[in-house]
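Me: Here is a model I would like to go through by question and answer. Please keep it plain.

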Amino acid sequence: MTTTTDQVPEPAPAGSQATGGNAKPSARGIGPNRRPNPIGIIIGAVLIVVVFIAPYIVMLLGSLKTQAEITKVPPPFGLPTGPHFSNYVDVWSSSVKPLNGLIATAVISVGATLLVLLIATPAAYYLARFRFPGRMAFLFLVLITQMLQPTVLAIGLFKEFLNWNGYLSWVALILVNGAFNLAFAIWIMQAFFASVPKDIDEAAVVDGAGKFQVLTKISLPLVWPGIVTAIVFVFVNSWNEYAAASVMVRDNNLQPLTVSLPKFFGFYTQDWQYVFTVTTVAIVPVVILFGFIEKRLIGGLTAGAVK
Amino acid sequence: MCSSRSRLKRRRVAELTAAPTPSAIAAGDQSGDTGGGARGSGSGGGLRRLAAAAPWLLPAVILIAGVVLYPAYLMIYNAFRKYSKYGFDQGAAGWDNFKLALTFPGVPIGRILINTVVWVVVVVAGTLLISLALAQFLNKTFRGRKLVRLAVIVPWAASVVMTSSIFLNALNPNYGLATRLLRSIGLLGQDTALTQQPMTAFWVAVVVAIFVSLPFTTYTLLAGLQAVPHDVLEAAHVDGAGSAAIYRRIVLPILRPAIAVAALVNIINVFNSLPILQILNQTAGYNEGLTTTPLVFLYKNNLGPGVSSALSVINFGFCLVIIAIYLIVVKPTKQQ
């Protein structure tokens, strides 16, 4: 009887404690429903954005400077004079010679992504849908792969592919990038396949579809967001792979960008504007790709990891 | 297209309704585990189900066996082989490569081992602490949140090689923008070249390693925050708990699995991080600013596959020890 009357004003002191005033409840609400302090949010948001993209702004602005401007002592803080968009044309014939590296990187990443798509999709589908002897062993194998990286096994990879010279070194890198990204792709795809109700598959089977048809005609259209997430991930990882490429491709003209580019900024490099042009060309597309799967990075990735 | 599908459908329905035809059996069980369990039992059914699974899984098994397990075997094998300067196998080496890897003259191995531990602990702990705050912030609803979240993933998508090279440029002692900024606010002496001395380069690399590890970690923790039930927070608040107490007693325990995943993945990634130190530590050769992972690659070029394989094996064991210590000390899976 008294408890009901007492309970109503209870939240007010608690809320006022948190917001600082006690005369009236804050306009921004109380407790977990309290809307955040707008000034604090703006400061925080601006700070985060600035810190996270500052290096890439330096890169972008640097790619528009002349050589004299980018090596000026002391460096000017302002915007580039010009700006010299011509760098993006001149770079291809400059000493940095990025075309070979860019082609190598593109071929290897596309190849590795297709390989993973081809191999991980059926494996993930089968794992999500069927029980079979050796399933646990297979999952264990996948888990081990996920914990290893090309860096850990680089010397073994170097020995294994020692005689894969010329364009064969690209094939070797496609296999390596494919293999080391396979586990992750299988995890994430099987989580998505498992999220599709089995009844849908069974209905298709009753209608006479084979397993492969169920996969291509029924499941794939339903789980494509998961597939896209996996594809983007594999592509970006292969695009940025460095350790294996650095020991496996010995022909200078066939090395991917991650390996060929650092050679141009030793002690003596003055052509930073071209280096930044190349890094901008290499970074912007993958950042946009990654942006597309941003929403699925929350939840999607751990769905695969925790299951 | 349509007619062929319906023809197929009719044929399959006929097969299913009639007694199992040889082709249906050869194709394996159509209805998955339940059907398989009902129809076949014992090792015969098991074998048949294994045979049915093979075409779907075998390519993955072959790729993993050929490109992950085989090089692992090769590495361990090579760790016990003696190699000439030109890479010719000269027979068994016993533990010589391991001894040489840890005692090679001119290599400050003690310092490098300490660096490795410091590297992993500082980078992973720093990343986790900053990410906890970032995730908490990005979990609030505010205008422009999507944009801020997008900014946070940029270092994740960008190549670590290229991010490190930008930092290298910005820290150039003459024309680096960060150098000028740090000097103008008095944090850096006029003649200091951060990347050209082993130890300062090491600490620069620590900062860059944290920077590139933040996006993944923040997103993993952000995913964990989605599991925090809003009504529980509200109830705790009504009961008079302050924000600090709510965070410590409710949010953190729920985040525990996400923190564990993030910590483990980061320990493995950070331990095996190669390009950051290779690019930002401009001192050539063996020096006091290295960790064991770049040392493996220096050994590969200077001493050949035998010694570098031995150090790789030691390196991998070292990483497992750090993970074991983390699991024992922090007990990330313990229920509270």
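Me: How many helices and strands are there in chain A?
Reply: Helices (H or I, at least four residues) and strands (E, at least two) are DSSP runs, numbered from the N terminus. On that basis, chain A has 16 helices and zero strands.

Me: Before going on, what kind of model is this?
Reply: Residues are numbered from 1 along each chain as its sequence is written, and chains are lettered from A in the order in which they are written. Local features need pLDDT of at least 70, side-chain atom pairs count only at pLDDT 80 or more, totals for chains use all residues, and the model is predicted.

Me: What percentage of the residues of chain A count as buried?
Reply: Buried means under 20% relative accessible area (1.4 Å probe, protein chains only). Chain A has 307 residues, and the buried part is 52%.

Me: Among contacts in chain A between residues at least 6 apart in sequence, what percentage join residues at least 24 apart?
Reply: A contact means heavy atoms within 4.5 Å. For chain A, the part joining residues at least 24 apart is 73%.

Me: Is B:Thr291 buried or exposed?
Reply: B:Thr291 sits in the loop between α13 (275-280) and α14 (292-303) of chain B. Residues it touches, beyond those up to four places away in sequence, include B:Ile112, B:Trp119 and B:Phe202. Because its relative accessible area is 1%, B:Thr291 is buried.

Note on methods. Side-chain values use heavy atoms; hydrogens and water are left out. Buried means under 20% relative accessible area, exposed over 50%, partly exposed in between (1.4 Å probe, protein chains only).
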